[in-house]
Amino acid sequence: MKAAIITGVGSVEVAEVPDPTPGPREVVVEVAACGLCGTDLHILQGEFAPTLPVVPGHEFAGRVVAVGSQVDELRDGDRVAVDPSLYCHECYYCRRGRNNLCERWAAIGVSTAGGAAQYAVAPAANCVKLPDHVRTEDAALIEPLSCAVRGYDILRNELATHVLIYGSGTMGLMMLQLAKLTGAASVDMVDLNRERLATAEQLGCSSAVISADEIERPRGWDVVIDATGNEKAIQDALGRVGKGGTYLQFGVSDYAARATIEPYRIYNQEITITGSMAVLHSYERAAELFSMGVLDPEVFISDRLPLDDYASALDRFRAGRGRKIQVLP
């Protein structure tokens with residue numbers, strides 16, 4: 001089969017690799033679409049993935065074409081979206097229900113071969129069947145949505161909060177949609193990319209600006225979310241949290257990124273600073289929300305490119321062009 005391979009730091013190629021075979025509790029999925037993510041860029045930089053080479057792609061959906069000997073809940077032809085999370089279920093954090101912090105954390109497309117290929121192997125337990133009205137290619141959006149759902153689980157915010165989101169790429173836009181769904185009084189978006197801000201306006205944000213200075217909110221915001229991972233954006237965002245407010249680090253930063261906090265302000269104004277790591281008990285709920293139409297795939301997916309163009313798709317993503325970019329094997 002054909003697969004994209006990150007062969008080393010800064011190096012990617014598309015090549016023929018052996019067809020996968022499922023283990024007893026696994027299935028082989030013929031990939032319909034695989035989304036690109038900032039995590040893929042980090043892997044290309046030599047971060048996150050334990051070893052290279054690796055076939056990337058942790059956002060994918062497709063059709064089951066082979067099942068393991070002990071799989072009875074899925075069959076050939078089933079259309080599924082795949083939760084890429086691989087937990088040990090044995091460590092301290094798994095036993096406490098914090099599987100996303102697993103001491104042996106792994107993921108399809110990060111530490112094992114992923115969906116940037118014609119076929120991918122996944123545990124049967126990680127596959128969610130798709131309803132008839134959901135297009136298989138569109139369902140690759142369920143994985144990033146499940147990360148956004150986890151972010152809102154962390155926030156546990158009240159109704160009628162004022163929310164400020166840095167970054168109007170795919171993840172920022174998903175956080176916008178969930179903020180509206182959970183009853184935010186206002187949702188303001190900050191980005192340097194005017195094309196992406198236009199999409200945020202299309203989706204009904206309260207304001208879409210280059211700088212938060214353009215918005216009149218002297219008491220700050222109740223909830224501030226970074227969906228960029230950019231240290232300059234993070235530094236600015238930390239200063240925008242109002243008294244009693246919450247800052248959520250949702251974007252994935254480079255390992256070397258740093259920001260300065262003011263301990264006295266955090267103490268005196270009872271500010272909460274927290275983070276959200278990947279997926280936790282949120283994939284199935286994201287699939288439910290997706291099937292309800294909480295996201296419009298035609299708005300979120302800007303590019304669908306052939307797998308052979310994986311390297312150029314990464315370049316396009318890195319340059320900030322478009323929104324969600326998918327490769328189609």
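D303 is buried in this predicted model, at 12% relative accessibility. The residue still has a charged partner: R316 forms a salt bridge with D303. Side chains of opposite charge can pair when their charged atoms come close. The model holds 13 salt bridges in total.

**D303 and R316**
- The closest N and O atoms of R316 and D303 are 3.0 Å apart.
- R316 sits in helix 10 (residues 310-318), while D303 sits in strand 16 (residues 301-306).
- The two residues are 13 apart, and their pair links distant parts of the chain.
- R316 is partly exposed, with a relative accessible area of 26%.
- D303 counts as buried because its 12% falls under the 20% cut-off.

**K324 and E59**
- What joins the side chains of K324 and E59? They meet in a salt bridge, with 2.9 Å from N to O.
- K324 belongs to strand 17 (residues 324-328) and E59 to strand 4 (residues 59-67), so the pair ties together parts that are 265 residues apart in sequence.
- Is K324 buried or exposed? K324 is buried, at 4% relative accessibility.
- E59 is buried too, at 1% relative accessibility.

- E298 and R304 form a salt bridge, and their closest N and O atoms are 4.0 Å apart.
- E298 is exposed, at 52% relative accessibility.
- R304 is partly exposed, with a relative accessible area of 30%.

Notes: Residues numbered from 1 in each chain as written. Predicted model: local features only at pLDDT ≥ 70, side-chain atom pairs only at ≥ 80, totals over all residues. Heavy atoms only, no water. Helix = DSSP H or I, 4+ residues; strand = E, 2+ residues; numbered from the N terminus. Buried < 20%, exposed > 50% of the residue type's maximum accessible area, 1.4 Å probe, protein only.
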